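Take a first walk through this model.

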Amino acid sequence: MPTNQSSEEWKSSTKRETLGALEQELARLVASAKEGETEGARREMSGFRNLFSRFLRAKTHIEWKAIQPLPEGAIRPYKQLPPVSESHITQMLSKLVVVKLNGGLGTSMGCKGPKSVIAVRNDLTFLDLTMQQIQQLNRTYNVDVPLVLMNSFNTDDDTQKLLKKYANVKVSVISFCQSRYPRINKETLMPIAKDMGTADMEAWYPPGHGNFYEAFANSGLLDKFLEQGKEYCFLSNIDNMGATVDLNILNFVLNSSGGQEPPEFVMEVTDKTRADVKGGTLIQYEDKLMLLEIAQVPKDYVDEFKSISKFRIFNTNNLWASLGAIRRVVSNNELDMEVIVNPKHLDRGMDVIQLETAAGAAIKNFKNSCGINVPRSRFLPVKKTSDLLLLMSNLYDIDNGSLTLSSERSFPTTPLVKLGSSFDKVKDYLARFQGIPDLIELDHLTVSGDVWFGRDVSLKGTVIIIANHGDRIDVAPGTILENKIVSGNLRILDH
Ligand SMILES: Cc1cn([C@H]2C[C@H](O)[C@@H](COP(=O)(O)OP(=O)(O)O[C@H]3O[C@H](CO)[C@@H](O)[C@H](O)[C@H]3O)O2)c(=O)[nH]c1=O
């Protein structure tokens with residue numbers, strides 16, 4: 001027997017054994033569930049078992065050379081979408097459900113609790129602004145578009161408490177919780193949790209936003225909305241302030257044009273800039289559209305993946321999906337999303353992995369899927385405090401929860417901002433700005449080291465401020481810095 005075949009056989013038999021061992025471990029966990037929670041635990045662990053078995057079966061990285069060119073028409077320019085007829089708007093909105101992915105924590109920005117409680121502008125949080133946006137939409141068109149929040153076990157309690165403060169806001173908010181899956185030991189691939197209890201929170205994780213389809217169906221909400229005559233959902237990251245309901249796209253997904261069947265799934269993509277090196281991109285792979293995330297890129301090709309010239313667009317994670325089609329793919333078990341392996345090092349010194357999926361990866365399982373290349377204004381994410389600086393500044397006007405680039409800015413691009421590690425945590429970042437500077441004419445800002453900003457500062461063109469180790473720079477109130485480099489001993493040089 002050729003060596004290759006025997007090694008393949010060996011691999012598949014060890015995989016079978018690993019899956020068998022995992023099933024036993026999961027059965028043990030289910031058995032530990034509290035009375036009345038066994039059914040839920042069984043369903044959740046069965047979801048994890050399927051994810052784990054896909055992880056064992058499939059490659060975690062793609063075959064780089066097998067990427068095909070995107071077919072003609074795979075990505076449509078937003079400007080070419082058919083126009084919306086005013087008289088149809090109310091009826092179109094009556095078929096829509098807005099979903100926000102709210103399972104993430106603010107930890108990476110040094111905040112406790114759900115990320116959606118970070119104040120973005122005028123003390124209003126992501127959640128406040130989202131509520132305002134939907135309320136305004138409902139008022140304008142006299143409709144009742146519901147807002148659905150997908151929470152995780154990390155964010156559910158806090159979010160439920162917060163929702164009480166909106167009791168008088170006229171928006172139907174419904175939340176459901178995504179799955180809670182067990183982290184597995186990197187070496188043994190077995191769960192580290194001893195039981196289903198919540199005493200050891202480090203042993204569990206929310207398995208990525210790709211979990212939405214199954215969790216939404218399991219929650220019973222999918223069926224409920226379909227019964228109510230809803231047809232489409234618009235799904236987006238709660239930290240993307242540009243993800244408002246777009247009537248042109250809604251019209252496009254609901255109404256076929258040019259004799260074509262409407263798409264069951266649409267991904268909003270946008271042109272990549274140097275600031276967007278990490279986002280997922282759309283590729284054609286094995287004759288289907290596929291979302292490619294950085295974690296699936298073989299190590300040698302990461303630079304190529306990040307380049308703006310080869311991959312010109314990226315996924316904003318503003319996704320539109322037909323509810324009927326979601327029901328079909330979930331109940332037929334047809335959702336085959338790539339498994340993303342996310343390694344973690346726990347405080348207790350153990351290396352674990354968590355298996356995740358991304359919502360956009362579902363694109364290949366739907367019919368007539370396509371991308372729409374949308375203006376940058378539909379992607380205003382807050383991943384870092386540098387994003388927060390832009391959104392808090394006079395670069396953006398705010399109106400009923402929607403942020404738009406100020407008309408005072410004479411060109412439509414946003415500045416590239418890099419703040420050093422002293423600004424990483426929201427608390428520290430806020431303390432370092434007595435007032436948010438005027439950024440209307442800024443192109444590029446780099447700040448590094450122990451730097452503090454006074455009130456009424458203006459930053460224009462390219463500004464670089466670097467305090468060397470042990471030095472402190474105070475940008476005095478009222479300073480105007482235009483094309484300047486400010487270095488350790490506060491020398492100001494022309495750039
Ligand atoms: C991991 C996870 C996240 N979330 C929420 C938190 C955020 O609102 C949202 C996005 O999660 P993030 O982990 O920040 O995903 P992110 O790295 O931004 O990547 C997504 O959004 C990017 C655009 O920001 C896209 O380019 C990527 O293709 C897409 O996967 O989903 C959940 O609700 N549940 C989860 O399990």
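Two strands count as paired if DSSP finds at least two bridges between them. Helices (H or I, at least four residues) and strands (E, at least two) are DSSP runs, numbered from the N terminus. This is a predicted model, in which local features need pLDDT of at least 70, side-chain atom pairs count only at pLDDT 80 or more, and totals for chains, interfaces and linings use all residues. Residues are numbered from 1 along each chain as its sequence is written, and side-chain values use heavy atoms, with hydrogens and water left out.

Start with a hairpin. Strands β13 and β14 form it, with two residues between them. In that turn, Glu286 has a positive phi of about 50°. β13 covers residues 281-285 and pairs with β14 in the antiparallel sense over five bridges. Thr281 stands opposite Leu292 of β14. Ile283 has Met290 as its bridge partner in β14.

Now widen the view. Is β14 enclosed or open to the outside? Four of its five residues are buried, so β14 is largely enclosed by the rest of the structure. Here buried means under 20% relative accessible area, exposed means over 50%, and partly exposed lies in between (1.4 Å probe, protein chains only).

Turn next to helix α5, residues 156-163. Asp156, Thr159 and Leu163 are buried there. Seen down the axis of α5, the buried residues fall within an arc of 65°, so they line one face of the helix. The arc is that of the directions from the helix axis to the C-beta atoms. An α-helix has 3.6 residues a turn, so residues three or four places apart point the same way. On the other side of α5, Asp157 and Lys161 are exposed.

Then find the ligand. Which residues are the closest to it? The ligand is surrounded by 21 residues, and Gly103, Gln178, Glu293, Asn315 and Lys383 are the closest. A residue counts as near if one of its heavy atoms lies within 4 Å. By kind, the shell divides into seven nonpolar, 12 polar and two charged residues. Nonpolar covers Ala, Val, Leu, Ile, Met, Phe, Trp, Tyr, Cys and Pro; charged covers Asp, Glu, Lys and Arg; the others, Gly among them, are polar. β3 (96-102) and β15 (313-322) each supply at least two residues of this shell. β15 gives the most, with three residues.

A backbone N or O atom of Gly103 lies 2.8 Å from an oxygen atom of the ligand. Gln178 places a polar side-chain atom 2.6 Å from a ligand nitrogen atom. For His209, a polar side-chain atom lies 3.5 Å from a ligand oxygen atom. The protein covers 80% of the 690 Å² of accessible area that the ligand has on its own. Such areas come from the Shrake-Rupley method with a 1.4 Å probe.

Finish in two loops. Most residues other than glycine have a negative phi. Asn368 is not a glycine, yet has a positive phi of about 55°. Asn368 sits in the loop between β17 (351-356) and β18 (370-373). With 42% relative accessibility, Asn368 counts as partly exposed. Asp456 also has a positive phi, near 50°. The loop of Asp456 runs between β23 (450-453) and β24 (458-466). At 63% relative accessibility, Asp456 counts as exposed.

Note on methods
Polar contact = N/O pair within 3.5 Å; in protein donor to acceptor, adjacent residues only side chain to side chain.
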